[in-house]
Amino acid sequence: PRTPREEILCTLYSEILSVNTVGIDDSFFDLGGHSLLATRLVSRIRTTLGRELPIRQLFETPTVAGLSRALDTSGTLRTALAARPRPERIPLSYAQQRLWFLHQLEGPTATYNIPTTLRLTGALDTDALHAAFSDLLARHESLRTIYAEDDQGAQQVVLPVEAVATPFAVVDVAAEDVAERVAEAAAHAFDLGAEIPVRARL
């Protein structure tokens, strides 16, 4: 590689294609690349170099040298994400509207739950696991969102972190009862208007 950018591109080629060495004149497709890997490479270029590049460009200039030149002329700078002012009322998305309608019609239900069960082995720091789950709630507002309705219709209400009690519980269960208790936890019916849509049981 002759430039820092070519060095980065060679590294990205190598990682995406799982090859040890890549020269600046090696073709992405001759090294085993295909359309799915091309999509991954363009995404990595976007993240690493902050440049938007159409996937078509990789097909037209599949070498590191060619792609580096193309970035000089056709690669546009990626627009930085910026927070926007939050309106007083946050309307429900179409998917949320559907869930809210069914909730109003049928009441709390487990129909749309996405349960995940993990078997952990070895020493477990329960406090650390609890803290990690709390951090997850703090980071993702969608996990702290309930629905409310007034004379203007339904809306999202994002609860502040300090107002949410982390729904994490440690339950002692006999070995022969584990499957039944897991099934019970998975069948929990969430009240969309009163409780956040996630909880954990250990």
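## Reading strands, a helix and salt bridges

Tutor: Let us begin with a pair of strands, where S3 (residues 90–91) and S5 (residues 153–158) run antiparallel and are joined over two bridges. One of the residues concerned is proline 91, whose bridge partner in S5 is glutamine 155. Please keep in mind throughout that this is a predicted model.

Student: Which strand do six bridges join to S5, and in what sense do the two run?

Tutor: The general idea is that in a regular strand the side chains alternate between the two faces of the sheet. In this structure, the strand in question is S4 (residues 145–150), which runs antiparallel to S5 and is joined to S5 by six bridges. Among the residues of this pairing, threonine 145 has valine 158 as its bridge partner in S5, while alanine 148 is partnered in S5 by glutamine 155.

Student: Turning to helices, what span should helix H1 have, and how far apart are its end C-alpha atoms?

Tutor: Helix H1 covers residues 4–17, and at 1.5 Å a residue its 14 residues should span 20 Å, which agrees with the 20 Å between its end C-alpha atoms. Just after H1, serine 18 takes a positive phi of about 55 degrees.

Student: Which residues of H1 are buried, and which helices do they pack against?

Tutor: As a general idea, an α-helix has 3.6 residues a turn, so residues three or four places apart point the same way. In H1 the buried residues are Glu6, Leu9, Cys10, Leu12, Tyr13, Ser14, Ile16 and Leu17. These buried residues of H1 pack against helix H2 (35–49), helix H3 (55–60) and helix H4 (64–73).

Student: How many salt bridges does the count come to?

Tutor: To follow the count, you need its cut-off, a side-chain nitrogen of Lys or Arg within 4 Å of a carboxyl oxygen of Asp or Glu. The count comes to eight salt bridges. In one of them, arginine 44 meets glutamate 15, with the closest N and O atoms 2.6 Å apart. That pair links distant parts of the chain, since arginine 44 belongs to helix H2 and glutamate 15 to helix H1, 29 residues apart. Arginine 44 is partly exposed, at a relative accessible area of 31%, and glutamate 15 is partly exposed as well, at 44%.

Student: Where do arginine 89 and aspartate 150 lie?

Tutor: The side chains of arginine 89 and aspartate 150 meet in a salt bridge of 2.8 Å, N to O. Arginine 89 lies in the loop between S2 and S3 and aspartate 150 in strand S4, so this pair ties together parts that are 61 residues apart in sequence. Arginine 89 counts as partly exposed at 23% relative accessibility, and aspartate 150 is partly exposed with a relative accessible area of 33%.

Key: Residues are numbered from 1 along each chain as its sequence is written. This is a predicted model: local features need pLDDT of at least 70, side-chain atom pairs count only at pLDDT 80 or more; totals for chains, interfaces and linings use all residues. Side-chain values use heavy atoms; hydrogens and water are left out. Helices (H or I, at least four residues) and strands (E, at least two) are DSSP runs, numbered from the N terminus. The expected span of a helix is 1.5 Å times one less than its number of residues. Buried means under 20% relative accessible area, exposed over 50%, partly exposed in between (1.4 Å probe, protein chains only). Contact means heavy atoms within 4.5 Å. Two strands pair if DSSP finds at least two bridges between them.
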